[in-house]
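Keep the viewer open and follow the topics one by one.

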Amino acid sequence: MSLLAKHDVNGLPIKLLSIADAAQNTPEQVLAELDSSALGLSSREAQDRLAAVGPNALRSHKASPWSVLGRQLGSPILILLIVTASLSLFLGDATNSIVIGVILLVSVGLGFSNEFRAERAAEALHSRVTHTVVVLRDGTACQIDVVGLVPGDVVRLALGAIIPADIRLLTSEEMLCDESILTGESLPAEKTTSAIVGEAALADLSCCLFMGTVVQSGSCAGVVVATGGRAEFGRIAMGLGERQPQTEFQRGLKRFSFLLLQVAVGLTTLIFIANLLLGRPLLESLLFSLAIAVGITPQLLPAVVSTCLAAGTRALAKRQVLVKRLICIEDLGDMDVLVTDKTGTLTEGRISFQAALPILPEVSEQGLFTLGLVATEADYTHGTVSTVGQNSLDAALWESPQANDFDAGRHRRLGIIPFDHRRRMTSVLVVDAAGAQRIVTKGSPEDVMELCSNIPPHALAQLDKQYDAGARVIAVATRTVVGMTAIKPADENSLTLAGFLIFLDKPKANAKDSLVELASLGIAVKIATGDNAKVAEKVCRDLGLVSGGTLTGVQVQALTDPELATAVRDITIFARVSPEQKARIIRMLRQDGRAVAFLGDGVNDALALHHADVGISVDSATDVAKDAADIVLMDKDLGVLAEGVREGRRIFANTIKYVLMGTSSNFGNMFSAATASVVLSFLPMLPGQILLNNLLYDTGQLAIPGDKVDAEQLLAPSHWDIAFIRRFMLLFGPISSLFDFATFGLMLFVFTAAPGEFRAGWFIESIATQTLIIFAIRTRRVPFLRSRPSAGLLWASLGVVAVGIYLPLSPWGAILGFDPLPVPFFLALLAMTVVYLVLVEFAKRWFFSRPSQGRPVARGRGRAHHIHRRAARFSVAAALKSP
């Protein structure tokens with residue numbers, strides 16, 4: 001049964017069990033096999049086991065230079081460059097190989113340095129976020145980082161917790177687990193402590209909990225059997241590797257890269273065949289074709305993207321924002337809907353108990369408060385009550401001054417039905433000092449009052465008054481019983497309403513300005529909360545949010561998916577919604593083509609965070625919420641969300657500038673070269689000259705990530721639209737070719753240029769036009785007059801043009817295959833450049849005046865995505881070893 005595969009620091013064997021073996025044994029037998037007890041391990045024993053078996057981790061957030069380099073070299077554009085350089089070297093063209101090699105070094109070097117620096121910053125921030133679990137060490141409950149769990153540890157788990165390891169149950173209270181991430185089964189699995197008889201499938205091990213699954217209701221204690229990669233979920237997660245699923249931005253970038261490859265392959269093949277049919281040498285034709293293929297691709301796109309992302313990461317890091325995945329910055333800018341929970345995000349999250357309002361005359365305020373205390377899930381039989389792991393309302397009760405007068409000896413708990421988000425209540429069976437038994441139920445007023453009889457009329461008036469004031473209200477009801485030894489949900493009936501417990505959670509001081517600012521960025525802000533509708537509406541009014549209507553959880557439940565998809569477009573407030581309903585609302589919004597972010601910090605927000613395009617939480621949130629989030633706000637400053645959205649949109653805008661400029665001018669130049677190579681008796685530009693032209697041009701565009709972005713470009717999200725890029729390329733590319741052909745005519749018929757002069761003239765004209773066009777393409781406004789570029793982009797572009805003009809005239813001109821040009825050519829060049837830029841400006845105005853033809857598409861996330869996100873919880877800043 002046991003495997004003596006590991007040894008502690010003293011050389012003694014550590015017993016390891018499989019979860020299947022543990023399921024077939026009683027809790028006592030499993031504890032004995034693991035050399036543990038119901039009181040857990042000692043701190044020393046736990047340290048020894050951790051050293052022997054390693055951390056309970058599935059991922060490493062340590063920045064790896066090799067993985068960063070691998071991602072850089074995996075770009076289709078860079079692969080094309082590598083193949084072209086290798087062929088050039090093999091065919092004996094050292095000049096081409098050197099030029100392409102320089103392009104490769106610049107692109108990979110810049111991309112690697114920026115991305116690795118960004119990952120190092122992310123590693124430092126990631127290490128500040130810990131995910132904890134309540135564990136018994138030295139017989140005392142304490143919280144430790146989940147990566148510190150070892151086999152034999154005894155842990156306590158409650159509603160909303162992500163199971164931290166494979167665990168054999170020791171005790172269980174109404175336990176239901178969502179195991180869909182492992183089994184694919186949407187219905188929750190019921191859990192008990194009874195051992196399994198015989199062999200059973202994973203989904204049938206009802207006495208075991210599995211790493212990565214979620215406690216949907218109830219609470220329990222259990223002993224850790226397997227950690228890290230030895231757990232069932234761990235094996236799956238580690239089998240997928242460390243690579244994260246692609247985001248919308250990455251998929252768009254990939255589609256764009258393949259579009260360029262298709263164009264490059266098609267154009268190259270046609271040019272190669274045409275040159276062979278014209279009787280030109282095979283080697284010359286092949287090298288020229290390869291140079292065209294390289295020339296049409298924006299070679300430094302990976303470097304530009306990584307530079308943009310790195311700049312964004314550094315900007316957000318200064319604001320204490322943890323971006324778990326670098327590319328999430330792009331997704332943040334992409335969002336157009338923010339769904340947010342209320343508690344802890346729009347409100348301060350510091351819930352305080354305010355008052356007890358009895359309904360029955362025979363119930364005093366202190367008596368009602370005492371009923372609220374005994375109906376919590378806290379263990380009050382061992383002196384001071386710990387609020388570790390309790391929900392915020394129960395913790396507020398125990399932390400209030402009135403709790404000091406509670407006499408635990410007068411109340412003995414015989415049974416408990418823990419809180420779950422379907423029932424929205426907790427019930428206990430207690431016996432007082434006189435031996436009288438009663439059921440005490442505490443929960444949401446609407447749900448508790450449905451189980452009550454003879455509710456006084458003034459109770460509803462009291463409740464409405466508190467809701468109108470924006471208070472959090474909990475109802476308490478009781479029923480006297482005789483001879484009961486346990487309690488079950490069926491016993492929650494015929495209750496008598498005792499009164500209401502009133503709590504206060506004030507709105508955050510800066511939440512109003514932050515959410516109004518988000519709305520000004522074109523982001524529809526919606527609230528999804530478990531609170532009463534009136535309370536949520538009060539918060540909306542206080543925050544200045546214009547409500548488009550309210551739906552309650554009951555109404556959401558009654559709607560079909562198509563009906564809900566229509567309703568969520570306009571509804572602003574979703575009240576009394578369960579975690580499952582929050583996730584369903586997110587799913588309907590995403591099916592409508594919206595890019596949805598969810599902001600939450602409670603256990604009931606985890607499902608919604610997992611379903612959103614971007615999950616956002618705060619550092620003070622529950623572990624469940626932080627685990628599910630892509631972005632964590634370390635200082636709870638909601639205003640940074642607007643800054644993050646702007647940063648994401650700025651990055652996308654600058655990336656698209658490079659893409660649009662590169663595809664249009666590159667396509668035009670290469671189309672011109674292809675046409676000229678067929679018409680002329682000589683090559684219009686040598687392969688090395690084409691590559692040098694592109695190297696100069698692209699180098700100047702490395703300043704684009706730091707360019708200014710017009711304010712209107714930040715007011716709405718932008719999306720990858722390959723059809724839009726294609727239309728842009730097919731309009732502005734031929735305009736570029738038109739002026740290339742004009743240059744060809746000028747060189748041939750006016751200056752009667754020899755091949756060396758022809759190539760020098762076109763080289764200079766090409767550099768000037770395709771570099772200066774950035775100033776027109778970078779903005780939809782009139783360039784310079786209404787939209788000024790950054791100083792870096794201005795001087796970089798002018799510097800490239802100056803170098804492009806100097807090279808053919810310099811001593812290196814002859815080596816590069818250029819001949820000197822007559823002075824009148826430069827006057828003609830200046831005139832043509834001015835006319836070109838004016839024509840581009842008119843074409844730009846016409847192009848952007850046309851209505852958008854893009855249509856929203858559904859966004860989907862597969863099982864691998866969920867496994868990766870769940871596995872990110874179990875992460876250490878060190879390289880992992882095989883289990």
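**A glycine to start with**

Gly 799 is partly exposed, because its relative accessible area of 29% falls between the 20% limit for buried and the 50% limit for exposed. The model you are looking at is a predicted one. Gly 799 belongs to helix α29, which covers residues 791-809.

**The chain as a whole**

- The protein chain contains 32 helices and 25 strands.
- It has 883 residues, and 57% of them count as buried.
- If you take the contacts between residues at least 6 apart in sequence, 75% of them join residues at least 24 apart.

**The eight-stranded sheet**

- Eight strands form an open sheet with mixed pairing, in the order β11-β24-β23-β22-β12-β19-β21-β20.
- At the edges you will find β11 (321-323) and β20 (550-552), each of which pairs on one side only.
- From one strand to the next, the twist averages 20°.
- Within this sheet, β19 (residues 524-528) and β21 (residues 573-575) pair in the parallel sense, over two bridges.
- To find this pairing in the viewer, look for Ile 527, which stands opposite Ile 573 in β21.
- Helix α18 (residues 533-543) packs on the sheet and touches β19, β20 and β21. The direction of α18 makes about 150° with that of β21.

**Two helices side by side**

- The axes of α17 (residues 511-520) and α24 come within 7 Å of each other and cross at roughly 25°.
- An angle under 35 degrees counts as roughly parallel, and α17 and α24 are therefore roughly parallel to each other.
- On the α17 side, the contact is made by Ser 514, Glu 517 and Leu 518. On the α24 side, Gly 639, Leu 641, Ala 642, Val 645 and Arg 646 take part.
- Sorted by class, the contact of α17 with α24 has four nonpolar, two polar and two charged residues.

**Asn 654, also in α24**

- Helix α24 runs over residues 639-679, and Asn 654 is found in it.
- Is Asn 654 buried or exposed? It is buried, because its relative accessible area is 0%, under the 20% limit.
- A polar atom of the Asn 654 side chain lies 3.5 Å from the backbone oxygen of Ile 704.
- Leaving aside residues up to four places away in sequence, Asn 654 touches Cys 308, Ile 704, Pro 705, Asp 707, Lys 708 and Val 709.

**Positive phi in two loops**

- Arg 424 has a phi near 55°, a positive value in a residue other than glycine.
- You can find Arg 424 in the loop between β14 (411-417) and β15 (425-432).
- Arg 424 counts as buried because its relative accessible area is 18%, under the 20% limit.
- Ser 494 is another residue other than glycine with a positive phi, here near 50°.
- The loop that holds Ser 494 lies between β17 (472-481) and β18 (496-504).

Terms used: Residues numbered from 1 in each chain as written. Predicted model: local features only at pLDDT ≥ 70, side-chain atom pairs only at ≥ 80, totals over all residues. Heavy atoms only, no water. Helix = DSSP H or I, 4+ residues; strand = E, 2+ residues; numbered from the N terminus. Buried < 20%, exposed > 50% of the residue type's maximum accessible area, 1.4 Å probe, protein only. Polar contact = N/O pair within 3.5 Å; in protein donor to acceptor, adjacent residues only side chain to side chain. Contact = heavy atoms within 4.5 Å. Pairing = 2+ DSSP bridges. Axes fitted to C-alpha atoms, helices over the stretch in contact; angles between N-to-C directions. Parallel < 35°, antiparallel > 145°, perpendicular 65-115°, else oblique. Nonpolar A, V, L, I, M, F, W, Y, C, P; charged D, E, K, R; others polar.
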